[in-house]
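Here are my notes on the aromatic contacts. Please read them with the model open.

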Amino acid sequence: MENQIISSIYQVMELGFNNQIIHHHTEDNELSGRTITIEDKEIINFGSCAYLGIEHHEALKQGVIEATEQLGVQFSSSRAYASLGLLKEVEAEMRHIFGQPLIVTPSTTLGHLAAMPVVVEDDDVVILDMQVHSSVQMAAQLLKARGIKIHIIRHNDMQGLEKKIQELHGKHEKIWYMADGVYSMYGDYAPLADITALMERYAELHLYIDDAHGMGWTGEQGMGYVRSQIDHHPHMVMATSMNKSFSAAGGCMIFPNEEMRHKVLLCGASLIFSGPIQPPMLGAALASAKLHQTEEISQRQDKLRELTRYMNQQLRDKGIPQVVENDSPIYFIPIGLPRVINPFVHKLKDDGFLINPAAFPAVPMKRGGLRFMLTCHLEKADIKRLVERIWVHYHQMLIDEGITEQHIAKHFRIPQFKLKPMGRNLSAANAKTNVLQVSYKRSISQIKASEWNALHAASGTLSHSVISALEFVFSSKAKQPENQWDFHYIQVHDRTGQAVLSTFYTTALVKDDMFAPANVSSLLEEKRHQDPYYLNSKVVMLGSMITKGEHLYLNRQHPEWQQALQLLIDKMQDTAAEVNASQLMFREFYGALDSELKSTMLDKGFTVLQLPNNMRLSDVAWQNQDEFMHHLRGRYRSDFRREILKFEDQFTVITDKPNNQQALQACYQLYSNVFERSLEMNVHKLPFEYFRILCSHHSFDIIRLYLKHDPRPEHERQPVGVMFSYFEGGTYHAMIVGLDYEFNQQFGVYKQALYQTAKRANTLNASGLDLAFTADLVKKKIGAHAEHTWAFVQVLDTYNLQVIENLRAAA
């Protein structure tokens, strides 16, 4: 199965690529730093991280020229063998700036790959801020491979950090907290005073901090944000960049002592096996390091500080929000979904400005926005014009989306704001008259059974009476939190009364590893012995955890189907906000994925998730066993004879429902046996009361398997297998299996249960048999075929998923 995170990233990035707002190429013969030319248009560049604007400085260019003329364009040798003397000069100048032992590396990423595996030892443990730069997270994978435990905390959560330190106290030699000094998306800062206080309080705490985006534009001699706030702590390793504001090439790793530096120099893999910074850029680095020790850098810092102050004031004057307002030159204007961000960025490009779309995976799916930076190349007039255009387009965006400033503030959890009013009225782009009527109910008892069943009864386990029974079992009165579901019903009709959309959704507590690999779920279940709801989140999903089928009735032939779909999504998102859900899920969709629906859902902020295959027998109308076997493929036919048919006469098959508490309890125990072993789809255990409902409801069919020659004493004899199924005509749905594993291997109880289920579907003249998810190979032995199954997911909070991905990579 495709990795969910990679799949989601690809879908979002492809959308940006197709909209021509990423992967640009300049067309200039010469660059000034202030403007670039894209698609034959000169635009002002607010997308550069060269904050001090020294990439065209004569001293740096002269440094490149001299180094190239004297040393050539390449020096091809690993550092362990030989390095240019120019590198030694660069390191000496950088040490003048930082006053600490350091190593200049070919890039900051290669610096992390050299330093982290050396300074973090086998008895240590690592805590990552969930927003720490990707290059740090990538290097952390090397630590995982050595068996070093990696933990993740929420962004800048100092209470969470201290709690984790206390949890790990005494179990490890060192506890490393890894963070950024200035975070690259929102431009917010690490709480360095708090971190320093924790290092003073806990002797084992060490800080590994990447200040790539803090370098140059602040601090004495441009030493960066971190060192502008704190001294170099004896327990701190710092990384910074000689790109960006420094305008050369390479990274710089700064250590608390010479011993650590020497060890990294001799043992860092990327310092042994990777190439060096080449002569031209070493020349630029040396010139930049010297320039940083002059008054000119202070003057440029002052200029950038004034531009930053001016930008903040302009944004405030127009009422334009920021996720974080501070004195960093990185800005983030909250918007929302990629489909809203992309045209906003396009409009600004048409206005003559290049800015960066900031979207998933850099930020949560619905918390994207406009990201742009200031450099010393820019002028106040550029800033004023950009803010003016953002202000105009922001007004238009609110109108087009039908939302308010309060909606944005609430969603991004920022202070309330109010855009400065415009002197003219704007109209919504592509405005349409609302021709749809929405019915929203909280109980299916408020909907006529005939109306509901006409749309849903044949689409799965979704009849009116069944869902009514679910409401009874999974209510707010249930004892366990995982069984306390909220039910919501949405029906959308046009003015003529024609149904355009109908569905129900639930909110429920779900294990975040539901679709994770079984070995990851196994690790989490160990933790859940002490904390039963560890990595559980509220999810808003179509249908429920126990219903199956096509939960969404959507009349795709109706001209307003997309508007109806948006009305449903809006309601689900409102519910998600009320219960603080981590994600929305639309399920299930079978077979080849509809490209139009996929595109529509992606536009609305949902990515595709491939679920385990659904297994189905399309034809169960055979006349006899020979005809049944004739439909099996050759190799499965022999498996069927050897593994199933051979044992059929060992079983007594009962299709009467259990008629007393003891009989039902025996069936529940068989289900419990399977539940304890089933981690392929890790869900919460169903309550006994649910099975009581199955036995009393006419739509459910129950098959029990007994051994004819059960070796147990007669008073101990119980069924060895059970299958709970749903049937109201049409497809026969096998839902829940229970097994006695003591006899499963010897008699093939599970395979026999599947075969008897197929025979039962045949006896009841079902049109087909749905065997649900997992165990594909075994189900193929009775003629089932795999059917691709999909869901659409919108992740609202990525923290738990990041923790699980971290475990998956380590497992």
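**Aromatic pairs and charges over rings**

1. Tyr-489 and Phe-504 are both buried. Keep in mind that this is a predicted model.

2. How many aromatic pairs are there in the model? The count comes to 30. The pair of Tyr-489 and Phe-504 is stacked, because the ring centres are 5.7 Å apart and the planes stand at 25 degrees, under the 30 degrees that stacking requires.

3. Which elements does this pair join? Tyr-489 belongs to strand E15 (residues 486–494). Phe-504 belongs to strand E16 (residues 499–511). The pair therefore ties together parts that are 15 residues apart in sequence.

4. Now take Tyr-668 and Phe-691. Their ring centres lie 5.2 Å apart and their planes are at 70 degrees, so this pair is edge-to-face. The cut-off for that class is over 60 degrees.

5. Here the partners sit in helices. Tyr-668 is in helix H23 (residues 661–677), and Phe-691 is in helix H24 (residues 688–696). The contact thus links parts that are 23 residues apart in sequence.

6. Are Tyr-668 and Phe-691 buried or exposed? Tyr-668 has a relative accessible area of 11%, so it is buried. Phe-691 is at 0% relative accessibility and also counts as buried. The limit for buried is under 20%.

7. Two charges over rings also deserve a look. The charged end of Lys-548 sits over the ring of Phe-773, at 5.1 Å from the ring centre. Arg-556 has its charged end over the ring of Trp-561, 4.5 Å from the centre of that ring.

Methods
Residues numbered from 1 in each chain as written. Predicted model: local features only at pLDDT ≥ 70, side-chain atom pairs only at ≥ 80, totals over all residues. Heavy atoms only, no water. Phe/Tyr/Trp six-rings, centres within 6.5 Å; stacked < 30°, edge-to-face > 60°. Helix = DSSP H or I, 4+ residues; strand = E, 2+ residues; numbered from the N terminus. Buried < 20%, exposed > 50% of the residue type's maximum accessible area, 1.4 Å probe, protein only. Lys NZ or Arg CZ within 6 Å of the ring centre and 35° of its normal.
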